[in-house]
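Subject: Handing over the model, with notes on it

Dear colleague,

Please find below the structure that I promised to pass on to you. I would be glad if you could look through it with these notes beside you.

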Amino acid sequence: MITTFPPLVERMKIEQFVAQSEGQWRSMRSGHSLAFQQFEDVLSEITIQAITGIHPDITKLLQSSFSETDISSTKVVAPFKMEWSAESDWEPDDPSEVSQGSCLILPIPDDEISGTLLRSVGYAESESAKSHYRFLNDGTFVLTTKYEQSIAEERIWFASENVRCRSSILRTSAGSGILQTSFASEVRRIQAP
């Protein structure tokens, strides 16, 4: 009996990941806060836009938040900006309140499959964040961020060209307890010709 294996998929690189992520996305996220024993449903509009050329915000982010790391802007690969607008069913004061924001994201590869990601605003805490990223063999993007109060792990993968999935786990800063989990499905908005 001859065993055949499917062909190996070429590993995703950060430039390819950013290019595939560009555009406008409609996101539906369900979150479970274990700390508050609460479920949350969030509908979001997300825009991801690559930054080309020399951009003063890149230098500003490198100098202001991460000067101790002494990172040159020439090491940044495929920088992009992300903007979002979200409606949650768990807004205690005003259920119709819309949260929105934007952040600049700077990937700095260590090699073809891993590196550092600098963000002007983090995922779990609204402060600048330095994260570690890596790609798994199946193309899944894994991002780990250590904040003062917590550790966030996000996973993003493409189900198809215009559908991607995102999951996250938020742990205590010691890593021993899980505070929150979430899953999102995101569909790219296609512009009519």
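This is a predicted model: local features need pLDDT of at least 70, side-chain atom pairs count only at pLDDT 80 or more; totals for chains, interfaces and linings use all residues.

Residues are numbered from 1 along each chain as its sequence is written, and side-chain values use heavy atoms, with hydrogens and water left out.

The whole chain

The protein chain holds two helices and ten strands, where helices (H or I, at least four residues) and strands (E, at least two) are DSSP runs, numbered from the N terminus. Read from the N terminus, these elements follow the order α-β-β-α-β-β-β-β-β-β-β-β. Of the 193 residues in the protein chain, 35% are buried; here buried means under 20% relative accessible area, exposed means over 50%, and partly exposed lies in between (1.4 Å probe, protein chains only). The accessible surface of the protein chain is about 11800 Å², and 52% of it belongs to carbon and sulfur atoms; such areas come from the Shrake-Rupley method with a 1.4 Å probe, and for residues only the protein chains shown count as cover. If we take the contacts (heavy atoms within 4.5 Å) between residues at least 6 apart in sequence, 48% of them join residues at least 24 apart.

The nonpolar cores

In soluble globular proteins, nonpolar side chains tend to be buried together. A nonpolar core is here a set of buried Ala, Val, Leu, Ile, Met, Phe, Trp, Tyr and Cys residues joined through side-chain atoms within 4.5 Å. The largest nonpolar core has 17 residues, and those with the most contacts inside it are I14, F17, L117, Y133, F135 and F141. The elements that give two or more residues to this core are α1 (14-21), β2 (38-50), β4, β6 (129-135), β7 (141-146) and β8 (150-160), and the largest share, three residues, comes from α1. Leaving aside neighbours within four places in sequence, F141 is in contact with I14, F17, L117, Y133, R134, F135, E154, R155 and I156. There is also a second, separate core of nine residues, which includes I51, L61, L62 and I108.

The second largest pocket

What lines the second largest pocket? Its lining consists of Q49, I51, H55, D57, K60, L61, K81, S102, C103, L104 and S120, and the elements that give two or more residues to this lining are α2 (56-64) and β4 (98-109). On a 1 Å grid over the protein atoms alone, a pocket is an open set of points where a 1.4 Å probe fits, with protein on both sides within 12 Å along at least five of seven lines, and lining residues have an atom within 4 Å of a point. The volume of the second largest pocket is about 170 Å³, a volume being the space filled by probe spheres set on the grid points, which are joined across faces, edges and corners. By class, the lining has four nonpolar, four polar and three charged residues; Ala, Val, Leu, Ile, Met, Phe, Trp, Tyr, Cys and Pro count as nonpolar, Asp, Glu, Lys and Arg as charged, and the others, Gly among them, as polar. One of the lining residues, K60, is found in helix α2 and counts as exposed because its relative accessibility is 56%. The C-alpha atoms of K60 and S120 are separated by 10.0 Å, although these residues are 60 residues apart along the chain.

Single residues

S27 is found in strand β1 and is buried, because its relative accessible area is 1%. Neighbours within four places in sequence aside, S27 is in contact with V42, L43, S44, I46, R166, A184, S185 and E186. S44, in turn, lies in strand β2 and counts as buried at 10% relative accessibility.

Q37 is found in the loop between β1 (23-33) and β2, and its phi is near 50 degrees, a positive value in a residue other than glycine. With 70% relative accessibility, Q37 counts as exposed.

With kind regards
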